[in-house]
Amino acid sequence: MAIAHKIRFEVFVDEQRVAPELELDEFEDISNHYLAKFNGTPAGTARWRFTENGVKLERFAVSKEFRNHGIGSALVEFLLKDIFNHLEYENKTIYLHAQVDAMRLYSRFGFQKTGNIFDEAGIRHYKMILEG
């Protein structure tokens, strides 16, 4: 977890200027966390959790030096496979809050934007729901 948190802090707090107190939240202990490696080196992280609205994917972060190597796509693909392996997900909506700049990544996996743009931690987002 310490490595995942380090990557998240680098991306969200240092690069995107998210307030540090917003980065770690009360959902850390109930989320399923993942760490992606590139040639054995920690490169990215993400998590998912059950919510009252379905299954939420969140906290996707890839270290700057490992971007454009397919790490983000690999994380989305792996998380979705893991969710589909859990019986509890049946009939639940799978969704995420996508930063505008990352929407194209999620749309490649069938996520569609819904609703209006909103601000989350000072960054523009859209809610995206997995279709199909």
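## Helix 1 and its cover

What covers the buried residues of helix 1? The cover includes helix 2, strand 1, strand 2, strand 3 and strand 4 (94–99). This is a predicted model.

The buried residues of helix 1 are Ala4, His5, Ile7, Arg8, Val11, Phe12 and Val13. Residues three or four places apart on an α-helix point the same way, because each turn takes 3.6 residues.

## Length and bend

Helix 1 has 14 residues. From its first C-alpha to its last it reaches 18 Å. That is close to the 20 Å expected at 1.5 Å a residue.

The helix is also bent. At Phe9, helix 1 bends by about 30°. Arg17 follows helix 1, and its phi is positive, near 65°.

Side chains of opposite charge can pair when their charged atoms come close. The structure holds 12 salt bridges. One of them joins Glu23 and Arg8. Their closest N and O atoms are 2.3 Å apart. The pair links distant parts of the chain: Arg8 belongs to helix 1 (residues 2–15), and Glu23 to helix 2 (residues 20–23). The two partners are 15 residues apart.

Are Glu23 and Arg8 buried or exposed? Both are buried.

## From the loop to the strands

Asp25 and Arg59 meet through their side chains in a salt bridge, at 2.9 Å from N to O. Asp25 sits in the loop between helix 2 and strand 1 (32–38), while Arg59 sits in strand 3 (residues 54–62), so this pair ties together parts 34 residues apart in sequence. Asp25 is partly exposed, with a relative accessible area of 21%. Arg59 is buried, at 18%. The cut-off for buried is under 20%, so Asp25 at 21% counts as partly exposed.

Another salt bridge brings together the side chains of Glu28 and Arg47, at 2.6 Å from N to O. Glu28 lies in the loop between helix 2 and strand 1, and Arg47 in strand 2 (residues 41–51), so the pair ties together parts that are 19 residues apart in sequence. Glu28 is buried, with a relative accessible area of 11%. Arg47 is buried too, with a relative accessible area of 0%.

## One network

Which residues do salt bridges that share partners join into one network? They are Arg8, Glu23, Asp25, Glu28, Arg47, Arg49, Lys56, Glu58 and Arg59. Arg8 brings the story back to helix 1, where this residue is buried.

Methods. Residues numbered from 1 in each chain as written. Predicted model: local features only at pLDDT ≥ 70, side-chain atom pairs only at ≥ 80, totals over all residues. Heavy atoms only, no water. Salt bridge = Lys/Arg side-chain N within 4 Å of Asp/Glu carboxyl O. Helix = DSSP H or I, 4+ residues; strand = E, 2+ residues; numbered from the N terminus. Buried < 20%, exposed > 50% of the residue type's maximum accessible area, 1.4 Å probe, protein only. Expected span 1.5 Å × (residues − 1). Bend = angle between axes of the 7 residues up to and from the residue. Contact = heavy atoms within 4.5 Å.
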